Amino acid sequence: MAQLNRRVFLLGGLVAATGATPARALSASPFTLGVASGEPSADGFVLWTRLAVAPLNGDGLGGMPNRDVEVRWEVSENESFAPLAASGTVLARPADAHTVHVEVGGLKAGAKYFYRFLSDGHESPHGTAGTAPSGLASKLTFAFASCAHYEHGFFHAYRYMAQDKPDLVLFLGDYIYEAPWRTSAGPVPNPSRKYVPRKEVTTLAEYRLRYAQHRMDPNLQAAHAAAPWLVVFDDHEVENNWAADHRGDNDPAGDFKARKTAALRAFYENMPLRAAQRPTGTAIPLYRRVSWGGLARFHMLDTRQYRWKQAAAKDCGVIRDPRRTLTGDVQEKWLLDGLAQPASRWDFLGQQVFFAQRDDDGKPATCDVSTDAWDGYPHSRDRIVQGWLDRKVRNPIVLTGDVHRHWAANIKQDYFAANAPVVGTEFVVGSITSPNDGVPGAAYLKANPHLRFVSQRRGYAHTTVTPEKLTTQYVTVSNALEPNPAKVTRSVAKTYTVVDGKAGLG
């Protein structure tokens, strides 16, 4: 970095010689929140960072000066960054909390790259990204995860995820939590990891602080630096159980439109997303498709912005209304049109809430289901399943977060008919840290024979895809509450294989 510091010194000398007032140098490294990449294509990806010399300042602006700050970005096939494959400069602006989104193009397909940022004499951590292949790849590895409440544990799962060095990471929702640990449930499990501010966040400054506190975690930084991410939100990035323009919880009261606007803006600021996903007011165009050559296609869904409001518990009349939709009509058509496009070997629906039936008592007459999940919108689910059958989708795989447990499920059109054929596969990932509660997993397995596995351990999932098969490992950590990483081990709770052209768990 000596050469970089010299360039900055020379620039300052030139400014002084011309009589202009130089910008005041940053007092410390602004790269406290790490780096990230995302949205890989055959010729590039998105690079992200956010400048913050004091990430937890109460105004949410990271201790940065109220001016634009120039940031240089560099991409190379070598970690020495010589020669460069691409480079440029961008301004980090106060209005965006000094976040940077760079859309890099013109790179080789199916290649690995290193990247870094430079600003005001400081160098960021290095990240690793990769471009998608242009043809049918021989293999893809990806991790997927969800539900990372900062106060409910340490992010050991992210550390192990980074060590796996996947090609891609999918995050399926609840990257942050809007509310701290409920004091009625007892003391905070990890006193050293209390949220700042210690309240339910509702303003832009507060949401920015939530993301900053998560982003300061070294294990999360390592997972972001290890591979490009594809991200979608669920409810806790805004408010628990929100649906379209309907707030979820009623506490705290306030202007939900203003809160949603702030939450979506902070989500975009802190994720490696393209400019096409920049929100406008209370709307963000989040659903999108990302292809990995001819091997895999990821249909990243949004099950919050367009859904009908959740039905009351056990209200069969409302739940079974055929007009009800979880995706909205436009997104549903977009998904089905995409599934009809020239075939990918594997089609993944990256989404948030339980897709297969998960009935509490196994009795069709009671509608004893979670109305926040697809069970609360059964006709919406039926249209999508029938859609992939009509389009002869070769290998439909649903990837899900939300419920804080690892699950594996066979997807059917009729879950109460024992001999109904299996028409798809769902892998539900457990949480990074968030705890589980409610009906024990064993009770669900008994009432729903198509559910094949459940684990209550924290962790993530690791998937290997080839043209011939898909293998998913459910990875668990021994203790999310243990602060000492040397005392936390990684294990594989279960491994499932899906064979090309044959729906269901092997």
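Q: How many aromatic pairs does the count come to?
A: The count comes to 25 aromatic pairs, taking Phe, Tyr and Trp (its six-membered ring) with centres within 6.5 Å; planes under 30 degrees apart are stacked, over 60 edge-to-face, the rest tilted. Y115 and F117 have ring centres 6.4 Å apart and planes at 80 degrees, so that pair is edge-to-face.

Q: What's the basis here?
A: It's a predicted model, where local features need pLDDT of at least 70 and side-chain atom pairs pLDDT 80 or more, while totals for chains, interfaces and linings use all residues. Numbering runs from 1 along each chain as its sequence is written, and side-chain values use heavy atoms, leaving out hydrogens and water.

Q: Is Y115 buried or exposed?
A: Y115 is buried at 0% relative accessibility, and F117 is buried with 0% too (buried is under 20% relative accessible area, exposed over 50%, partly exposed in between; 1.4 Å probe, protein chains only).

Q: Which residues do ring pairs link into a cluster?
A: Y150, F155, Y158, F171, Y175, Y195, Y211 and W229.

Q: Switching topic: what lies over the face of W48?
A: R215 does, 3.8 Å from the ring centre. The charged end of R289 sits over W334's ring, 4.0 Å from its centre (the rule: NZ of Lys or CZ of Arg within 6 Å of the ring centre and within 35 degrees of the ring normal).
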